[in-house]
Amino acid sequence: MNDGSMLPLIELRAVSKSYRKGGERIDAIAGIDLVVEERGMVAIVGPSGSGKSTLMHLVGAMDRPTSGEIGVGGHMVNRLSPRELTQFRRRTVGFVFQMFNLVPNLTALENVALPMEFNGVARAERADRASSLLGQFGLGQRLRHLPRELSGGEMQRVAIARAVANAPRLILADEPTGNLDSRSGQMIYELLQQISRERTVMVVTHAQDLANLANRVIHIRDGRLQDRPPSVAALRRGQESAPAQPSS
Ligand SMILES: Nc1ncnc2c1ncn2[C@@H]1O[C@H](COP(=O)(O)OP(=O)(O)OP(=O)(O)O)[C@@H](O)[C@H]1O
Ligand SMILES: [Mg+2]
């Protein structure tokens, strides 16, 4: 599903997701074609109920499409077996949530080490990597803190460290600054932007100024994309829509 020269990380073809509620059909995602390259930050913006979270869940294989094909990192995620799905979720994608979703009775260090434990990384190595990541994210003095002993911005930085712990190619963040003040939010976006030099970061946001930090902004409304997907020729030239590079 690509020409072999420049592999896009994400490829959606005619993807739809419908829900049935009381005899009524809701087309949360209504026929989306989308190609996202490896690395860089993509912002998903659109009104409430437009399908942003549904799109993220489909790309992260948290949910299956009603129809269409979804490729991520060479995996056809809509066709994976349960076993392959588990591997995919552990290795290829990392999630960041609005409510942080840290394990409350584990320290910052243990929260970041946990996904590596699921992935079979040895104890000493996961402690090393967790403390190094937390140090990079400005939390070197917070390793033994429980989530309730951290500020919102600090909790979200722990959650981002956890999301990148297994070095996934894709980070999915659904309104990661929704519960933060604007200053902490800015810090989170700068961190995501930094991470996007090595990985693809797909982020749902309501904040336009934060969306402006992205390399590309995708508008969604009523389950449909508002911008045209880039042509293969444009991808070859490396000229995707709105290619403004982050100034850093
Ligand atoms: N499990 C479900 N069952 C039925 N309908 C659903 C389900 N999940 C989402 N929907 C509907 O699908 C549509 C898209 O929902 P989604 O959560 O993707 O929107 P969103 O863009 O993330 O909105 P918000 O900005 O408020 O988070 C909405 O109309 C929603 O009510
Ligand atoms: Mg949502």
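Which residues are around ligand 1? I looked there before anything else. The residues around ligand 1 are Y19, K21, I26, A28, G46, S48, G49, S50, G51, K52, S53 and T54. I took a residue as near a molecule if its C-beta atom, placed from the backbone, lies within 6 Å of it.

A note on the model before going on. It is predicted, so I kept the cut-offs in view: local features need pLDDT of at least 70, side-chain atom pairs count only at pLDDT 80 or more, and totals for chains, interfaces and linings use all residues. Residues are numbered from 1 along each chain as its sequence is written, while chains are lettered from A and ligands numbered from 1 in the order in which they are written.

**Ligand shell.** I sorted the shell by element. Helices (H or I, at least four residues) and strands (E, at least two) are DSSP runs numbered from the N terminus. β1, β2 and α1 each give at least two residues to the shell around ligand 1. The largest share, three residues, comes from α1. By type I found three nonpolar, seven polar and two charged residues. Here Ala, Val, Leu, Ile, Met, Phe, Trp, Tyr, Cys and Pro are nonpolar, Asp, Glu, Lys and Arg charged, and the others, Gly among them, polar.

**Sheet with β1 and β2.** I traced an open sheet of four strands, in the order β2-β1-β4-β5, with antiparallel pairing. β2 (24-36) and β5 (75-76) are at the edges with a single partner strand each, so one side of each has no neighbour in the sheet. Two strands pair if DSSP finds at least two bridges between them. β1 (residues 10-21) and β2 run antiparallel and share 10 bridges. One pairing I checked was S16, whose bridge partner in β2 is A30.

**A14.** I found A14 in strand β1. Its phi is near 50 degrees, a positive value in a residue other than glycine. Most residues other than glycine have a negative phi. A14 counts as exposed, with 11 C-beta neighbours inside 10 Å. The scale is buried at 20 or more other C-beta atoms within 10 Å, exposed at 12 or fewer, and partly exposed in between, with C-beta atoms placed from the backbone.

**β3, β9 and β10.** β3 and strand β9 (residues 216-221) pair in the parallel sense over four bridges. V45 has H219 as its bridge partner in β9. I then followed β9 to strand β10 (residues 224-225), where two bridges join them in the antiparallel sense. I220 is bridged to L225 in β10. The hairpin of β9 and β10 has two residues between the strands, and D222 there takes a positive phi near 50 degrees.

**P47.** Where is P47 found? I placed it in the loop between β3 (40-45) and α1 (52-59). P47 is exposed, with 12 other C-beta atoms within 10 Å. Its C-alpha atom is 7.8 Å from that of I220, 173 residues apart along the chain.

**Helix pair.** I looked at helix α5 (residues 152-164) and helix α6 (residues 182-195), which pack at about 15 degrees with their axes 9 Å apart. That makes α5 roughly parallel to α6. Angles under 35 degrees count as roughly parallel, over 145 as roughly antiparallel, 65 to 115 as roughly perpendicular and the rest as oblique. Axes are lines fitted to C-alpha atoms, for helices over the stretch in contact, and angles run from 0 to 180 degrees between N-to-C directions.
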